[in-house]
Amino acid sequence: MSGEAEPKRRRLRAGAIAGVLTAALALLCCAGGAGAFFLTELGGGDDRLRLANQNCTGDFRVEITGEMPRMSEYGEVQLRNAARIIKVGQELQIPPRGWVIAVATAMQESRLRNLANPTVAGSEQLPNEGVGSDHDSVGLFQQRASWGTVEQRMTPEYAARKFYEKLRGVLNWEQLPLTRAAQAVQISAFPDAYAKHEALASTIVNALAGGAARTVPLTDGHVCDAAEDGLIAASGWTAPIPGDVGSGFRTEKRPAHHGVDIAARKGIDIRAASSGRVLVARCDPDRAGQLSCDVDGWPGKGGCGWFVDILHAGKIITRYCHLAHKPQVSVGQTVRAGEIIGVIGSSGNSSGPHLHFEVHTDGDRSSDGAIDPVRFMREQGAPLRSVE
Ligand SMILES: [Zn+2]
């Protein structure tokens with residue numbers, strides 16, 4: 001069981017190349033295109049996702065008795081149900097990604113309440129936390145009659161176990177976007193509805209189980225904050241490239257810098273930070289209106305160069321600028337977390353090879369929607385290394 005795992009943290013690689021690149025980053029500048037850039041204050045919408053206890057501790061044991069953490073969206077009864085779901089996952093040795101998928105699914109199916117159903121005889125006489133009305137479904141996961149007796153389906157531990165048993169039978173479920181993994185188990189009429197709960201489900205798993213959504217499964221256990229090089233955290237996120245952040249988000253010197261610059265050599269693969277749909281994949285015009293992204297740019301040229309925008313669950317958007325070549329993905333394409341979307345270059349407003357990376361909330365591609373990628377990615381267990 002993962003509860004016994006020692007806390008492990010991957011050491012930051014601080015090789016000579018990284019050092020040189022980091023020093024060089026002080027001189028880099030980028031972006032400036034891809035829409036109007038204004039300095040605006042963030043509306044604070046992402047604070048909703050913050051709970052006090054989000055740290056990745058290495059001790060992922062979950063308590064189903066005692067006090068539950070407080071959060072605005074869900075009360076104590078609901079969080080205790082989430083804890084039960086996680087505990088069953090641990091007992092079955094399902095990795096933390098499965099706990100996130102299970103919690104997100106129960107959020108969609110029942111808002112984490114053990115529901116009776118007036119059309120299901122006997123269900124209202126059993127302990128319940130409300131009633132639902134979908135076919136003959138009952139319980140946390142709204143399971144239909146074929147899943148077990150009414151009493152079984154309205155026992156949270158039974159319902160969770162049945163969910164995990166089916167999930168475990170889904171081919172490559174750990175690599176699938178949450179929507180597809182949940183849908184393979186639930187066969188819902190509204191599959192996309194699961195994905196919108198992914199971020200909050202990760203937050204709940206982190207709060208109840210020692211930051212477990214921030215881990216990646218490795219042979220020696222679940223490792224905190226190491227989701228890079230194609231390893232995906234249980235939250236569903238990975239760092240787009242392994243590298244150090246040089247120029248930061250809206251610094252004093254660069255208040256209109258709405259992303260971060262990550263040092264990298266030309267040709268390094270850039271990965272989608274999470275599953276999603278490609279919104280934009282094109283050359284950003286420079287200040288003179290020219291579409292000249294196949295040549296290296298320079299400071300003052302303007303524009304993001306070859307760039308990609310991806311829309312993720314929960315209306316999060318990520319942006320990747322200054323690619324060397326035309327992106328390897330196209331508009332409308334669905335990508336998985338960790339999928340290669342292009343390679344590092346220096347196109348557009350750039351003085352050397354690096355990745356300019358942005359994170360936006362509320363589906364807002366403008367600078368108004370941009371948040372600090374360093375903080376956001378750290379909370380997903382896919383930290384961008386900060387050298388500041
Ligand atoms: Zn930049």
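Let's start at one residue. With 23 C-beta neighbours inside 10 Å, aspartate 225 counts as buried. The cut-offs: a residue is buried if 20 or more other C-beta atoms lie within 10 Å of its own, exposed if 12 or fewer, and partly exposed in between, with C-beta atoms placed from the backbone. Aspartate 225 sits in the loop between β2 and β3 (244–245). Its phi is near 50 degrees, a positive value in a residue other than glycine.

Now the ground rules. This is a predicted model: local features need pLDDT of at least 70, side-chain atom pairs count only at pLDDT 80 or more, and totals for chains, interfaces and linings use all residues. Residues are numbered from 1 along each chain as its sequence is written.

How confident is the predictor? pLDDT is its confidence in each residue, from 0 to 100. The mean pLDDT of the protein chain is 87, and 86% of its residues reach 70 or more. Over residues 1–50, pLDDT stays under 50. Where pLDDT is low, the predicted coordinates should not be read in detail. For residues 1–50 the model still has 105 contacts beyond four places in sequence. A contact means two C-beta atoms, placed from the backbone, within 7 Å.

Next, the overall picture. The protein chain has 8 helices and 13 strands. Both are DSSP runs, numbered from the N terminus: helices are H or I with at least four residues, strands are E with at least two. Of the 388 residues in the protein chain, 54% are buried. Take the contacts between residues at least 6 apart in sequence: 65% of them join residues at least 24 apart.

On to the core. A nonpolar core is a set of buried Ala, Val, Leu, Ile, Met, Phe, Trp, Tyr and Cys residues joined through C-beta atoms within 7 Å. The largest one has 96 residues, and Ile86, Trp99, Val103, Val205 and Leu208 touch the most other members. Which helix gives the most to this core? Helix α3 (residues 96–110) does, with 8 residues. Domain 1 (2–45 + 229–386) and domain 2 (61–209) both give residues to this core, so it lies between them. Those domain bounds come from an automatic or database domain assignment. A second, separate core has 6 residues, among them Leu115, Ala116, Val120 and Val138.

Back to valine 205. Leave aside its neighbours within four places in sequence, and its contacts are Ile86, Pro96, Trp99, Val100, Val103, Ala212, Ala213 and Ala234.

Serine 202 is in helix α7 (residues 198–208). Buried or exposed? Serine 202 counts as buried, because it has 32 C-beta neighbours inside 10 Å. Not counting residues up to four places away in sequence, serine 202 touches Val100, Ala213 and Ser235. Glutamate 379 is 177 residues from serine 202 along the chain, yet their C-alpha atoms are separated by 9.5 Å.

In α3, 15 of 15 residues are buried. The expected span of a helix is 1.5 Å times one less than its number of residues. For the 15 residues of α3 that gives 21 Å, and its end C-alpha atoms are 21 Å apart, which agrees. Arginine 111 follows α3, with a positive phi near 50 degrees.

Helix α2 (residues 76–91) has 16 residues, and 13 of the 16 are buried. From first C-alpha to last, α2 reaches 22 Å, close to the 22 Å expected. Glutamine 93 follows α2, and its phi is positive, near 60 degrees.

Isoleucine 187 lies in the loop between α6 (178–186) and α7. It is not a glycine, but its phi is positive, about 50 degrees. Isoleucine 187 is exposed, with 10 other C-beta atoms within 10 Å.

Last, the strands. Two strands pair if DSSP finds at least two bridges between them. Strand β1 (residues 215–218) and strand β2 (residues 221–224) run antiparallel, joined by 4 bridges. A hairpin connects β1 to β2 through 2 residues. Leucine 218 stands opposite glycine 221 in β2.

Strand β6 (residues 276–283) has two partners to show you. With strand β7 (residues 306–311), β6 pairs in the antiparallel sense over 6 bridges. With strand β9 (residues 334–335), β6 has 2 bridges, again antiparallel. Look at arginine 277. Its bridge partner in β7 is leucine 311. In β9, the partner of arginine 277 is threonine 334.

How values were computed:
pLDDT is the predictor's confidence in each residue, from 0 to 100.
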